[in-house]
Amino acid sequence: MVSIAFKNDLLSDCCLQTDCFVCKAEGSRCLFWLRRRMLPRGYVFSHKDGQSDHIFQHILPHTVSQQRRIEAHLNVTNVYFSVLYLLFFCPQLSQQILNLFHACEQQNDDLEKKEQCRAALQRDIQTILPFFLAGSSLNGFGSRSSDADLCLVIEEGTVNHRTDAVYVLSLVRKLFYTLSYIERPQLIRAKVPILKFRDRVSGVEFDLNFNNTVGIRNTFLLRTYAYVEKRVRPIILVIKKWASHHRINDASRGTLSSYTLVLMVLHYLQTLPEPVIPCLQMDYPECFNPTMDIHLVPSGPSNILAFVSKNQSSLGDLLLGFLKYYATVFKWDKHVISVREAKALPKTSCREWRDKFICVEEPFDRTNTARAVHEKVKFETIKAEFTESYQVLQLRKDLNFILPLKNTRPKR
């Protein structure tokens with residue numbers, strides 16, 4: 001299978017002992033030297049039968065086998081040299097971001113393990129109700145340590161999302177006790193009830209929800225954003241790691257959920273003077289129609305064009321700009337973050353936004369994804385982390401000063 005992961009040994013692979021300002025070798029046929037002149041400014045995936053303007057040539061997968069067929073169809077050459085270009089034309093901070101992304105990004109075998117458990121549950125529970133893999137495992141922003149989200153779906157609009165969810169998940173929990181590969185099934189009676197369990201075979205922790213179809217819709221919206229521009233996945237993964245290190249990435253403890261953080265980054269990238277990413281829901285409303293049949297959602301974004309941004313900022317510049325935006329520019333008390341409209345909306349007095357410290361609009365049901373931040377002390381802590389990290393990074397230009405890299409890389 002073709003892999004598009006970043007490589008640790010880019011330098012050793014980039015040249016054929018030739019005249020190259022990077023490797024300092026002598027000669028006249030340096031692959032990096034030649035590719036540097038041919039490389040397009042935009043990051044466009046190409047296929048073996050020629051370049052494609054679409055970020056997904058086929059239906060977006062919700063199974064690993066579909067994803068592998070898509071990835072195997074990619075021409076790895078353009079991807080490889082695009083990453084090489086980014087690595088050597090960026091300063092130290094950008095290189096640190098790329099290295100950390102490569103070390104932490106979810107691998108194909110990680111996703112395979114989650115898919116195998118999903119398929120086994122679908123087979124063993126013997127229900128006509130489908131299990132959807134969702135969340136960071138599939139949206140492109142997962143890491144090697146990410147848990148897996150599953151959604152058990154029936155027809156939309158026919159259940160009480162909390163009362164019926166508790167009932168159905170209780171029945172599923174009883175069935176789980178009969179499966180030898182499921183460990184520690186635990187029902188969490190939260191606003192969105194979930195059944196937590198562990199796959200004994202892979203060791204992966206799962207959260208199963210019932211009929212949370214908005215989660216499936218936003219999974220494929222975020223997945224499209226993840227692959228529409230080459231800088232989106234690395235910058236978001238590092239920001240999630242940064243927030244976790246500073247203990248502001250835990251909705252259960254009154255801070256920011258990972259989903260909220262992703263939306264905050266996308267909003268920032270959308271609202272730069274030269275946007276890094278487009279507004280997909282405005283540009284392709286038919287692909288992200290909130291009333292689309294849930295079974296058609298995975299195929300919705302299949303023909304979306306790749307986005308070529310005029311903004312050529314490095315990953316380091318974007319990280320610094322993100323911290324500066326939320327430390328000094330964004331007006332928390334006056335604005336609502338909206339990825340759906342790619343702008344900061346005025347904060348109204350409606351129930352969803354009234355008396356809320358942080359307002360981040362869910363792109364489909366338009367609720368506040370940051371509602372967990374309901375204590376002023378937690379809000380002030382979040383703002384303080386943005387301000388302090390921005391000041392430190394602006395001065396040092398070294399990721400280690402805000403995110404110690406030696407403690408962040410996963411243990412293999």
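**Close-up 1. The salt bridge between Arg231 and Glu229 in the predicted model**. Arg231 and Glu229 form a salt bridge in which the closest N and O atoms are 2.8 Å apart, and both of these residues are buried. A search of the whole structure, which is a predicted model, finds 18 salt bridges, and the pair of Arg231 and Glu229 is one that can be inspected here at the level of individual side chains.

**Close-up 2. The salt bridge between Arg184 and Glu205, and the network around it**. The closest N and O atoms of Arg184 and Glu205 are 3.1 Å apart in this salt bridge. The pair links distant parts of the chain, with Arg184 in strand E5 and Glu205 in strand E7 (residues 205-210), 21 residues apart. Arg184 counts as exposed because its relative accessibility is 55%, whereas Glu205, at 30% relative accessibility, counts as partly exposed. Both residues also belong to a network of salt bridges that links Glu183, Arg184, Arg198, Arg200 and Glu205.

**Close-up 3. The hairpin of strands E5 and E6**. Strand E5 (residues 182-188) and strand E6 (residues 194-199) run antiparallel and are joined by 5 bridges. Between the two strands of this hairpin there are 5 residues. Ile182 has Asp199 as its bridge partner in E6, so that the pairing can be traced from this residue pair in the view.

**Close-up 4. The hairpin of strands E8 and E9, with Ala342 in its loop**. Strand E8 (residues 335-338) is joined to E9 by 4 bridges, and the two strands run antiparallel. His335 stands opposite Pro346 in E9. The hairpin has 4 residues between its strands, and Ala342 is placed in this loop between E8 and E9. Although Ala342 is not a glycine, its phi is positive, at about 55°.

**Close-up 5. The loop between helices H10 and H11, with Arg247, and the salt bridge of Asp250 and Arg253**. Arg247 lies in the loop between helix H10 (232-245) and helix H11 (258-270), and this residue has a positive phi of about 60° although it is not a glycine. With a relative accessible area of 73%, Arg247 is exposed. The view also includes Asp250 and Arg253, which form a salt bridge with their closest N and O atoms 3.4 Å apart. Asp250 is partly exposed, as its relative accessible area is 28%, while Arg253 counts as exposed at 60% relative accessibility.

**Close-up 6. A patch of positive charge on the surface**. Four residues, Lys191, Arg351, Arg354 and Arg371, gather in this patch. Among them, Arg354 is found in the loop between strand E9 (343-346) and helix H14 (376-396). Arg354 has a relative accessible area of 42% and is therefore partly exposed, a value that lies between the limits of 20% for buried and 50% for exposed residues.

**Close-up 7. Lys406 and Leu100, two residues 306 apart along the chain**. Lys406 lies in the segment after H14, and its relative accessibility of 75% is the reason that this residue counts as exposed. The C-alpha atoms of Lys406 and Leu100 are separated by 9.9 Å, although the two residues are 306 residues apart along the chain.

Note on methods: Residues are numbered from 1 along each chain as its sequence is written. This is a predicted model: local features need pLDDT of at least 70, side-chain atom pairs count only at pLDDT 80 or more; totals for chains, interfaces and linings use all residues. Side-chain values use heavy atoms; hydrogens and water are left out. Patches are made of residues with over 30% relative accessible area and no salt bridge: like charges are joined within 9 Å, nonpolar side chains (Val, Leu, Ile, Met, Phe, Trp, Tyr) within 5 Å. Accessible areas come from the Shrake-Rupley method with a 1.4 Å probe; for residues, only the protein chains shown count as cover. Lys and Arg count as positive and Asp and Glu as negative; His and the chain ends are not counted. The place of a charge is taken as NZ of Lys, CZ of Arg, CG of Asp or CD of Glu. Buried means under 20% relative accessible area, exposed over 50%, partly exposed in between (1.4 Å probe, protein chains only). Two strands pair if DSSP finds at least two bridges between them.
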